[in-house]
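This report walks a new reader through one set of side chains and the contacts among them. Please look at the model first and keep it in view while reading.

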Amino acid sequence: HKPYSKVDFINWELVASAFQANCSCSEVASKLGMHPETLAKAITKKFKVPMVEYVMQRRQEGDLLLKM
C-alpha cells in the first residue's frame with residue numbers, strides 16, 4: 001500500500017472555513033503545507049467538482065453567513 005501523504009490528512013473543515021473567509025487557494029495550501037495544485041487535485045478528487053466551483057460554493061456560503 002502507498003505511504004500516506006499530506007492529502008490524506010487534510011482538515012476539510014479548515015479548508016471550507018478558509019474559503020468562506022475569502023482566502024486564496026495559495027493561502028489555504030500554504031496553511032496545509034502543500035502546493036496549490038496538490039490542493040486543487042485533492043478537492044476535485046474528494047468533492048467531484050473542479051476547484052473553482054468548490055471555492056465559489058464556499059465563498060457563497062461565507063457571504064450568506066455575513067448576511068445573518
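In this predicted model, a search of the whole structure finds three aromatic pairs. One of them joins phenylalanine 19 and tyrosine 54 in an edge-to-face arrangement, with 6.1 Å from centre to centre and 80 degrees between the planes. This pair links distant parts of the chain, since phenylalanine 19 belongs to helix α1 and tyrosine 54 to helix α4 (residues 51-67), 35 residues apart. Phenylalanine 19 counts as buried because its relative accessibility is 0%, and tyrosine 54, at 2% relative accessibility, counts as buried too.

Tyrosine 54 also pairs with phenylalanine 47, and here the rings are stacked, 4.8 Å apart centre to centre and with 25 degrees between the planes. Phenylalanine 47 has a relative accessibility of 31% and therefore counts as partly exposed. Taken together, ring pairs link Trp12, Phe19, Phe47 and Tyr54 into a cluster.

| Charged residue | Ring | Distance to ring centre |
|---|---|---|
| Lysine 46 | Phenylalanine 47 | 5.7 Å |
| Arginine 58 | Tyrosine 54 | 4.5 Å |

What surrounds arginine 58, apart from the residues up to four places away in sequence? Arginine 58, which lies in helix α4, touches Ala16, Phe19 and Gln20 when those sequence neighbours are not counted, and its side chain makes a polar contact of 2.9 Å with the side chain of glutamate 61. Is arginine 58 buried or exposed? Arginine 58 counts as buried because its relative accessibility is 13%, which is under the 20% limit for that class.

Not counting residues up to four places away in sequence, serine 24 touches Phe19 and Arg59. The C-alpha atoms of serine 24 and valine 55 are separated by 9.0 Å, although the two residues are 31 residues apart along the chain. With a relative accessible area of 29%, serine 24 is partly exposed, whereas phenylalanine 19, which it touches, is buried at 0%.

How values were computed:
Residues are numbered from 1 along each chain as its sequence is written. This is a predicted model: local features need pLDDT of at least 70, side-chain atom pairs count only at pLDDT 80 or more; totals for chains, interfaces and linings use all residues. Side-chain values use heavy atoms; hydrogens and water are left out. Buried means under 20% relative accessible area, exposed over 50%, partly exposed in between (1.4 Å probe, protein chains only). Contact means heavy atoms within 4.5 Å. Rings of Phe, Tyr and Trp (its six-membered ring) pair if their centres lie within 6.5 Å; planes under 30 degrees apart count as stacked, over 60 as edge-to-face and the rest as tilted. Helices (H or I, at least four residues) and strands (E, at least two) are DSSP runs, numbered from the N terminus. A charge sits over a ring if NZ of Lys or CZ of Arg is within 6 Å of the ring centre and within 35 degrees of the ring normal. A polar contact is a pair of N or O atoms within 3.5 Å; within protein, one must be able to donate a hydrogen and the other to accept it, and residues adjacent in sequence count only if both atoms are side-chain atoms.
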